[in-house]
Amino acid sequence: EVLLRMHSVGICGSDVHYWQHGRIGDFVVKDPMVLGHESSGTVVKVGSGVTHLKPGDRVAIEPGVPREMDEFCKSGRYNLSPTIFFCATPPDDGNLCRYYKHSASYCYKLPDNVTFEEGALIEPLSVGIHACQRAGVTLGSKVFVSGSGPIGLVNVLVAKMMGAAAVVITDLSASRLQKAKEVGADFTIQVKDETPQEVASKVESLLGCMPEITVECTGVEACIQAGIYATRSGGTLVLVGLGPEMVTVPIVNAAVREVDIRGIFRYCNTWPVAISLLASKRINVKPLVTHRFPLEKALEAFETTKRGEGVKVMLKCDPTDHNP
C-alpha cells in the first residue's frame, strides 16, 4: 500500500445519490462513509513491498481493487469480481480526505505534463473508454450519445478519439449541450417533450442515417426507449446510466432488428490508456472542470453538484496547493 496526501477529488452523481438517498440499488449505506472516488494525490509513504512508486510521486487512483484472484480477475475483467473493494461504495470508504491509503498497484504515476485534476478526471474518462470499447466504436462510426452530463461528455471525447465520424448528443439543458459542442459533438438535440420515436427520427435526420452505436448515459426510461428506436439494425446500444431497476422498453423492436443491448459496470484496464491519451494531449478533459472548492467547503460543493450547476465540481484536499 501507499499513503497519499490527497490533492483533487471530483464529485460524482453517485456521491450525491448516496448523500441524499443512502443507497444505490443493493448498495446500502449502513454506517458513516467517506465519499469520493475520482481522485489524485501525492505519495508520502510506501509499504515495504512497493517498488514502482516513491514519496513525491504524483498519482491517479483507480478506486476499484480486487480482494481476491477469482475467475473474473484471471480473465482480465476484475471490475466484475463480486468481492472487489471500491472507494465510496458501502461499506468501503472513499478518499475525500486529507490523507488516504490505497493499494499501490492501483495507483498510477502521472507524467509531469498531466495535472492533478486531469488525474482525478481519469475515473469518469474511464467510463467513456470502457463504454466505447464495449460498444465497438471504430473508424467512421456514427454514434448517438444520450445525456450531456459529465459521463455523456467523456463518451463524446472518447468516441471522437476512437474514430467516430459523427456524434449526436441529446439533453434537456441548453448549457450542457453547448459544453458538448465544445468537447467535439457534431450535432446536439435539446429534448423538450418529444416521444422516444420522435427523438430517434431527429437523430437519424441529423446524422443522415441511423447510428450503429448508441451510448445511453441517463438511465431514464424514455431515453432507453429512444436509444432502441434510434439504433440501426445490427447495431449496439450500451446502457451506462442507471435508473430504476425495472424499465419498460420495446424489446421486440430490438430483438427483431438484432440490436445488441450491452451493460457496463464501471471499467477495467483503462488507467494506462487514459494516461497515454492525456500525456500525448490527444484528449482534453480540462474544460469539464467548472467549479473548485476547498475541502472545508465540501457541503457547498455537493450542493452545487446537486443543483446541476456546471459540469464537474472539484474539491481541493491539500490546503497548501489549490492549483489544478
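Select threonine 236, which sits in strand E14 (residues 236–239); helices (H or I, at least four residues) and strands (E, at least two) are DSSP runs numbered from the N terminus. The model is a predicted one, in which local features need pLDDT of at least 70 and side-chain atom pairs count only at pLDDT 80 or more, while totals for chains, interfaces and linings use all residues. Residues are numbered from 1 along each chain as its sequence is written, and side-chain values use heavy atoms, with hydrogens and water left out.

Threonine 236 has a relative accessibility of 12% and counts as buried. Buried means under 20% relative accessible area, exposed over 50%, and partly exposed in between, with a 1.4 Å probe and protein chains only. Now show what surrounds threonine 236: leaving aside neighbours within four places in sequence, its contacts are Ala135, Glu212, Ile213, Thr214, Thr231, Asp260 and Arg262. Contact here means heavy atoms within 4.5 Å.

Next, go to glutamate 258. Its C-alpha atom is separated by 8.7 Å from that of threonine 236, 22 residues away along the chain. Glutamate 258 lies in the loop between helix H8 (251–256) and strand E15 (260–263). This glutamate is exposed, at 60% relative accessible area, and has a positive phi of about 55° although it is not a glycine. Most residues other than glycine have a negative phi, and most peptide bonds are trans.

Alanine 88 is in the loop between E7 and E8 and is buried, with a relative accessible area of 2%. Stay in this loop, between strand E7 (85–86) and strand E8 (99–102), to find proline 91. The peptide bond joining proline 90 and proline 91 is cis, with omega of about 10°.

Select strand E5 (residues 58–61) and look at its two sides: Arg58 and Ala60 on one, Val59 and Ile61 on the other, are all buried, and both faces are covered. Strand E4 (residues 38–46) pairs with E5 in the antiparallel sense over four bridges; two strands pair if DSSP finds at least two bridges between them. In that pairing, serine 40 stands opposite alanine 60. E5 also pairs with strand E9 (residues 107–109), antiparallel, over three bridges. There, valine 59 stands opposite lysine 109.

Move on to helix H5 (residues 174–183) and pick lysine 179. Is lysine 179 buried or exposed? It is buried, with a relative accessible area of 14%. Beyond neighbours within four places in sequence, lysine 179 is in contact with Leu153, Pro287, Thr290 and Val311.

Finally, zoom out to the whole chain, which has ten helices and 17 strands. The radius of gyration is 19 Å, close to the 20 Å that the globule rule gives for 324 residues, so the chain is as compact as a globular protein of that length. That radius is taken over C-alpha atoms, and the rule is 2.2 Å times the number of residues to the power 0.38. Along the principal axes, the C-alpha atoms fill a box of roughly 55 × 40 × 40 Å. Buried residues make up 53% of the 324. Of the contacts with a separation of 6 or more, 67% are between residues 24 or more positions apart.
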